[in-house]
Amino acid sequence: QVQLAESGGGLVQAGGSLRLSCAASGSGFGINSMGWYRQAPGKQREVVATITRGGSTNYVDSVKGRFTISRDNAKNWVYLQMNSLKPEDTAVFYCNINAFDASGRYLEAWGRGTLVTVSA
């Protein structure tokens with residue numbers, strides 16, 4: 001069983017920065033891709049950024065050039081450095097992993113989310 005725990009959310013003024021962290025814990029699993037999603041009030045959850053085990057990254061257009069995703073494969077951590085934050089970035093941010101268990105079966109896990117609020 002895999003558990004994810006996010007940290008690093010909070011209140012920041014527009015133009016500021018935050019760094020989100022997510023730790024994957026448990027045993028008997030291997031992680032393929034890791035990612036961050038967000039859900040703003042009244043909107044659907046959307047992917048923000050993803051990173052493969054090999055380090056290839058993808059970003060939603062609205063955060064390109066401002067956000068950077070990274071991971072520590074040895075520790076099973078994923079990070080999201082967010083710079084030049086805008087009020088429209090306000091959302092609950094969720095950590096996500098695509099992984100496999102000891103039997104090779106696919107599994108997916110989500111964190112509980114961390115709130116990021118950007119004031120104008």
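## A buried aspartate

The side chain of aspartate 89 makes a polar contact of 2.8 Å with the side chain of arginine 66. A second polar contact, of 3.0 Å, links the side chain of aspartate 89 to that of arginine 38. The model discussed here is a predicted one.

Is aspartate 89 buried or exposed? Its relative accessible area is 1%, and the limit for a buried residue is under 20%, so aspartate 89 counts as buried. When neighbours within four places in sequence are set aside, aspartate 89 is in contact with Arg38, Arg66, Phe67, Ser84, Val116 and Val118.

Strands of a sheet pair through backbone hydrogen bonds, and the pairing can be parallel or antiparallel. In this model, an open sheet is made of four strands, in the order β1-β3-β8-β7, with antiparallel pairing. The edges are taken by β1 (2-7) and β7 (67-72). Each of these has a single partner strand, so one side of each is left without a neighbour in the sheet. From one strand to the next, the twist averages 15°.

How many bridges join β1 and β3? The two strands, with β3 covering residues 18-26, pair in the antiparallel sense over six bridges. One of the residues involved is valine 2, whose bridge partner in β3 is glycine 26.

## Two hairpins

Strand β4 (residues 29-39) pairs with strand β5 (residues 46-51) in the antiparallel sense, over five bridges. Methionine 34 stands opposite isoleucine 51, which belongs to β5. The hairpin of β4 and β5 has six residues between the strands. In this hairpin, glycine 42 takes a positive phi near 75°.

Strand β5 also pairs with strand β6 (residues 57-59), again in the antiparallel sense, over three bridges. Threonine 50 has asparagine 58 as its bridge partner in β6. Which residue in the turn between β5 and β6 has a positive phi? That residue is glycine 55, with a phi of about 100°. The hairpin that β5 and β6 form has five residues between the strands.

In a regular strand the side chains alternate between the two faces of the sheet.

Terms used: Residues are numbered from 1 along each chain as its sequence is written. This is a predicted model: local features need pLDDT of at least 70, side-chain atom pairs count only at pLDDT 80 or more; totals for chains, interfaces and linings use all residues. Side-chain values use heavy atoms; hydrogens and water are left out. Two strands pair if DSSP finds at least two bridges between them. Axes are lines fitted to C-alpha atoms, for helices over the stretch in contact, and angles run from 0 to 180 degrees between N-to-C directions. Buried means under 20% relative accessible area, exposed over 50%, partly exposed in between (1.4 Å probe, protein chains only). A polar contact is a pair of N or O atoms within 3.5 Å; within protein, one must be able to donate a hydrogen and the other to accept it, and residues adjacent in sequence count only if both atoms are side-chain atoms. Contact means heavy atoms within 4.5 Å.
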